[in-house]
Amino acid sequence: MAANYISATVSSILLFLLCSSSLFGASMAALVQEQPLVLKYHNGALLKGTVTVNLVWYGKFTPAQRSIIVDFLQSLNSPKAPNPSAASWWKTTEKYKTGASTVTLGKQILDENCSLGKSLKNSHIVYLASKGGYMGRSVNLVLTAKDVFVEGFCSRCGSHGSTRGKVRFTYAWVGNSEIQCAGQCAWPFHQPIYGPQTPPLVAPNGDVGVDGMIINVATVLAGTVTNPFNNGYFQGPATAPLEAVSACTGMFGSGSYPGYPGQTLVDKSTGASYNAHGVNGRRFLLPAMWDPTKSACSTLV
């Protein structure tokens, strides 16, 4: 599985460097040149063409919460939303080898009564994902409710992987962190666990937990299509890779740095921050994605 978080140590180092450059002036900043970020292609298969995303809802989600995530997935290939859009964000995946990945919504399975209990191990996630079936190019996405504990949750906000054997399928998992670790997995809509305690941004869909899930669904879905079998695009060890979005952690707009998400668009009536339009009038805050043509993380705004 691939984790999508940046360690406190790395964040602290980056923050220290930032503060140091401001203390010692522009001359110090001029000495620090941004190096290209390279995610190596390891010659494996990517998920291209039509990619069906099947959803397994584990625990209680309200209809409103489910509609936010469904609308996001349907926004990834919708040309109707104005720019900047979720579709223009997803279009960056076309720049990875062998063309476009067109996301379609598949089946939805509800397990509101938590058939496996409310404390899950990684093996449970794979089992739940298998309920989505094994049809061709598909991703079975398990979404866990706010009161469901998943092994490793909060040290990671989501993950993805693939099964082995004759029948292989890719799967992903994202949890609702609202009451467990919103400061880590729903930032910047909640104050961070560590670092500068700046005021959180207002969530564009009015749900801190689910708007945070959108960020993490975007992260694991981009990672799944560009590195589905641990031999696609990534940097570092295959067991803990930096991928298309996880390599760009904490970046949502221009001018971002550790502890500051960058400049975003703001809804004048609600004060909500966003950077992408979607279907049904939705707005989302989507993380930066690594652009292979620029060897750099790219934001929508």
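Predicted model: local features only at pLDDT ≥ 70, side-chain atom pairs only at ≥ 80, totals over all residues.
The chain contains 7 helices and 15 strands. Of its 301 residues, 49% count as buried. The chain exposes about 13600 Å², and carbon and sulfur atoms supply 57% of that area. Among contacts with a separation of 6 or more, 74% join residues 24 or more positions apart.

In an α-helix, residues three or four places apart point the same way, because each turn takes 3.6 residues.

Gln65 sits in helix 3, residues 63–75. Gln65 counts as buried because its relative accessibility is 11%, and buried means under 20%. Leaving out residues up to four places away in sequence, Gln65 touches Lys60, Asn176, Asp207 and Val210.

Leu285 belongs to a loop, the one between strand 13 (283–284) and strand 14 (289–291). With a relative accessible area of 2%, Leu285 is buried too. Beyond its neighbours within four places in sequence, the contacts of Leu285 include Pro188, Phe189, Leu201, Pro204 and Ile215. Phe252, Thr264, Ser273, Tyr274 and Asn275 are also in contact with Leu285. Gly253 lies 32 residues from Leu285 along the chain, and the C-alpha atoms of the two are separated by 9.4 Å.

Methods:
Residues numbered from 1 in each chain as written. Heavy atoms only, no water. Helix = DSSP H or I, 4+ residues; strand = E, 2+ residues; numbered from the N terminus. Buried < 20%, exposed > 50% of the residue type's maximum accessible area, 1.4 Å probe, protein only. Contact = heavy atoms within 4.5 Å. Areas by Shrake-Rupley, 256 points an atom, 1.4 Å probe, with all protein chains shown as cover.
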